[in-house]
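Please look through the sequence and the model below, and then work through the questions that follow.

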Amino acid sequence: MTDGFLNILKPPGMSSHDVIGFVRHTLGIRKVGHAGTLDPGAAGVLPVAVGRATRLLTFLEHADKEYRAELTFGYATDSGDDLGNVLAETASFAMPSEEEIERTLEKFRGDIVQVPPTYSAIKIAGKRACDLARAGKDVPIPSRTVHIETLALVDRRESSLVLDITCSRGTYIRTLCQDIGTALGIPAVMSFLVRRRVGAFHLGEALTLEELAEKKRAALLMPQHWLNLPHYILPVSRAKAFVNGLSTDDRRAAAEHRYENQALLAVFAGGRFLGIGRWSAGRGAITPYHVYAQP
């Protein structure tokens, strides 16, 4: 195989781009990309696409993510983590009670508004915010709405909290930790982060870079099993039409209201993954949205 996904365990100290370089060198394949950047100091699941599978990365962008993070009280930084320049510091503070912590965490569950950190990969006028900040330029970053599905207190320590978080794409855990500290009246930073899941990619199944170096291309995963999309079975006689960009009527599926209008579906024919189709309930037809299979 020269196309597929990899579930990589990114180690702390490497950037996501560094991991991509390692994969390219190890597999001898130039076309490699990743979904969901992890900060260099963080560890955990980094989904990587190789070859033609890079064209499917966009379908992983909306996958939810799970993290375990440590929030440390006592100081705040310009980056939101413990690697940045200290902006505020307090020598002594009283640790909040579990009841107060729980009341505060409740405010951050559901849809919340965040202002991403200045030192982030967000593009401002085509340039990364972190690059602009390092050049000494003002970086006005617009706020965004993100969704926190779960936010659970795992442990309350002497000066820190351990949290488990499930959230939508675009959520900055550094900012979340900072904002929780602000709500509790104590400056805070994110001092540890591991990403435990991205969609169907789980930490327990992730490969270390050493394991990838040993398995090489045998580690590649068939992409269709990781897209987290409903499956659509197309008649084999219509496979060529789909690959060539033609729609197929399906009155039975339309009559059964099997799919939501405009739903994206992983399309198969005779056990072969053809690509992503879009269902039109009004027409009762499946239309190619992204063709993966080669003619």
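**Charged pairs, strands and cysteines**

E66 is partly exposed, with a relative accessible area of 26%, where partly exposed lies between buried, under 20%, and exposed, over 50% (1.4 Å probe, protein chains only). This is a predicted model, in which local features need pLDDT of at least 70 and side-chain atom pairs count only at pLDDT 80 or more, while totals for chains, interfaces and linings use all residues. Residues are numbered from 1 along each chain as its sequence is written, and side-chain values use heavy atoms, with hydrogens and water left out.

Q: With which residue does E66 form a salt bridge?
A: A salt bridge here is a side-chain nitrogen of Lys or Arg within 4 Å of a carboxyl oxygen of Asp or Glu, and the closest N and O atoms of the E66 pair are 3.0 Å apart. Because E66 lies in strand β4 and its partner in strand β12, the pair ties together parts that are 131 residues apart in sequence; strands are DSSP runs (E, at least two residues), numbered from the N terminus. The partner is buried, with a relative accessible area of 9%, and it is R197.

Q: How many bridges join β4 to strand β12?
A: Strand β4 (residues 65-73) is mostly covered, with seven of its nine residues buried, and it runs antiparallel to β11 (residues 160-167), to which eight bridges join it. Two strands count as paired if DSSP finds at least two bridges between them. Towards β12 (residues 188-198) the run is also antiparallel, and there the bridge partner of R68 is V194. The number of bridges between β4 and β12 is nine.

Q: Which strands stand at the edges of the open sheet of five strands?
A: The sheet has mixed pairing and the order β14-β16-β17-β18-β15. Each edge strand has a single partner strand, so one side of each is left without a neighbour in the sheet. The edge strands are β14 (231-233) and β15 (248-249).

Q: Is V32 buried or exposed?
A: V32 lies in strand β2 (residues 32-34), and it touches I20, V23, R24, V48, A49, V50 and T54, not counting residues up to four places away in sequence, where contact means heavy atoms within 4.5 Å. The C-alpha atoms of V32 and G51, 19 residues apart along the chain, are separated by 6.3 Å. With a relative accessible area of 8%, V32 is buried.

Q: How many disulfides does the structure hold?
A: A disulfide is a pair of cysteine sulfur atoms within 2.5 Å, but the sulfur of C167 is 11 Å from the closest cysteine sulfur, in C177, too far for a bond. C167 is buried at 3% relative accessible area, and C177 is buried at 1%. The number of disulfides is zero.

Technical notes: Helix = DSSP H or I, 4+ residues; strand = E, 2+ residues; numbered from the N terminus.
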